[in-house]
Amino acid sequence: MKCQRILTYLRVFGTTMFGVSLLVGISTAYIMGYQFFTTARNHLSFGLYGAILVVHLIIQSLFALLEHRNMRRSLETPIKLNKSLALCIAAYQEDPNYLRKCLVSVRRLTYPGIKVIMVIDGNAEDDLYMMDIFKEIMGWDRSATYVWRSNYHHRGPEETDESYAESLQQISKLVLNNKCVCIMQKWGGKREVMYTAFKALGRSVDYVQVCDSDTMLDPASSVEMVKVLEEDPMVGGVGGDVQILNKYESWISFLSSVRYWMAFNIERACQSYFGCVQCISGPLGMYRNSLLHEFIEDWYNQTFMGSHCSFGDDRHLTNRVLSLGYATKYTARSKCLTETPITYLRWLNQQTRWSKSYFREWLYNSMWFHKHHLWMTYEAVITGFFPFFLIATAIQLFYQGRLWNILLFLLIVQAVALIKSAFASCLRGNIVMVFMSFYSVLYMSSLLPAKMFAIATINKSGWGTSGRKTIVVNFIGLIPISVWFTILFIGFIYTTILQTRKPFPDSEKIVLVIGAVVYASYWVMLLTLYTVLINKCGKRKKEPHYDMVLDV
């Protein structure tokens, strides 16, 4: 016991020193600005910090490829589908069309004897349509339903001790004795809804799958995730490949679709190779039920800076599994389609909310680095601090008094994005991934300031999510975007004034003209491709039958 404790302390010390050394090393490389080579008049250069980022991208892609190879090998592993499984669906003011598609896909799941529990966040008359759709799709004779005036943590009006205790027993019996259950309860947020499903199930099943009400599951999705959990008893949770259902609805949803593919099949595939996927997404995830009940109360009662956490439920659920020393995995063989925002403002609010939970969970996650592979520490440092370096670089170049530096920065951003998207196109076997380079503009113009705003308001949870039946317009997310554009615009004006006060060297003019032509040509070519391949083809693919097709 004493030796085990000493070993734990050594691992904590080792991972801490590794993380600190990595951050100090990267910061030093950035601040010192060491250059491997530079051209005359500093038109082009390649430094140590850039080399570190390039090596990171190469290594990440390599391990992602290795993990995809492991996924293909898992096909040869025979398993018995004799473990009990429950699917928990969280619903809140869902679009009726999406909810129907979700439940139809649930009925087509091939896992034998699966139990389905849908918990609706809200018990008003306006929410009854979701329960009606559940009974219509799952079968009026097979569906057990219950309208609860309360939830597990908050009592409804006129709820007595006796009636509350009776409702708790009723819900437990309903869930344990039926295969298809729908519960409407007092509004409390997604975490409250998930808690109800987990608590009512108790330890009656081996595995628990989670799903959102706007998600369409591939028939084999449950089977593929069970395979991963069955292959290794030290895997505590597994997530699947989340694709976009409405990707042709707008340019925002389309760019989200290529970004999702990159995030899951490169970034999370790489994390999965080391058993440390840092977020099992809500639309498609599965956990060992025995683990859930070790931390369900701590997970629900999570607080940060004195406030109860009301978002980041899935990321914290994943972190709780990691905190016990269990691995978390990703499998591209389990797939689903899910809805994503089609308007810029709703997308921005979603990304800000996700960024809040990322930075909050980063701090929590750091306490368990020592229980996992060093890659978990390494990637946390790289991805956690990269936005700060990028912001510092942008501000420095925009205020350096040289227009070429600004243009070069824009060219490099797009060049790196184009290289990543070309690699993704080869891996996926689909030219559509070339449009991933578009996403870099969204990242630089919107996500970077949104991340900083998320940190500044990390303990605020009063906005950022809404049901899909109602259109909520929240302009608060535009504040950091406006500030960011103002900072860069002032820098651009400052640089322009400085450089026009003295004559341009001929070589500088030539480089500026060539760079501007290259940059403009790049955008003309890419926008033309987008118009031809996506706008026109996308209109044909927005037919009802296409909604049920998953990319492979």
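**Strand E4 and the cysteines**

Strand E4 (residues 115-121) pairs with strand E6 (residues 180-185) in the parallel sense, over six bridges. Pairing requires at least two DSSP bridges between two strands.

The model is predicted: local features need pLDDT of at least 70, side-chain atom pairs count only at pLDDT 80 or more, and totals for chains, interfaces and linings use all residues. Residues are numbered from 1 along each chain as its sequence is written, and side-chain values use heavy atoms, without hydrogens and water.

E4 also pairs with strand E3 (residues 85-91), again in parallel, through six bridges. Here isoleucine 89 faces methionine 118 of E4. Helix H3 (residues 96-107) connects E3 to E4 in a right-handed β-α-β crossover. Right-handed means that, with the strands pointing away from the viewer, the path from the first strand over the helix to the second runs clockwise.

Seven of the seven E4 residues are buried (under 20% relative accessible area; exposed is over 50%, partly exposed in between; 1.4 Å probe, protein chains only). In a regular strand, side chains alternate between the two faces of the sheet. Lys115, Ile117, Val119 and Asp121 point one way from E4, and Val116, Met118 and Ile120 the other.

The structure holds zero disulfides (cysteine sulfur pairs within 2.5 Å). Cysteine 182 is buried, at 0% relative accessibility.

Key: Helix = DSSP H or I, 4+ residues; strand = E, 2+ residues; numbered from the N terminus.
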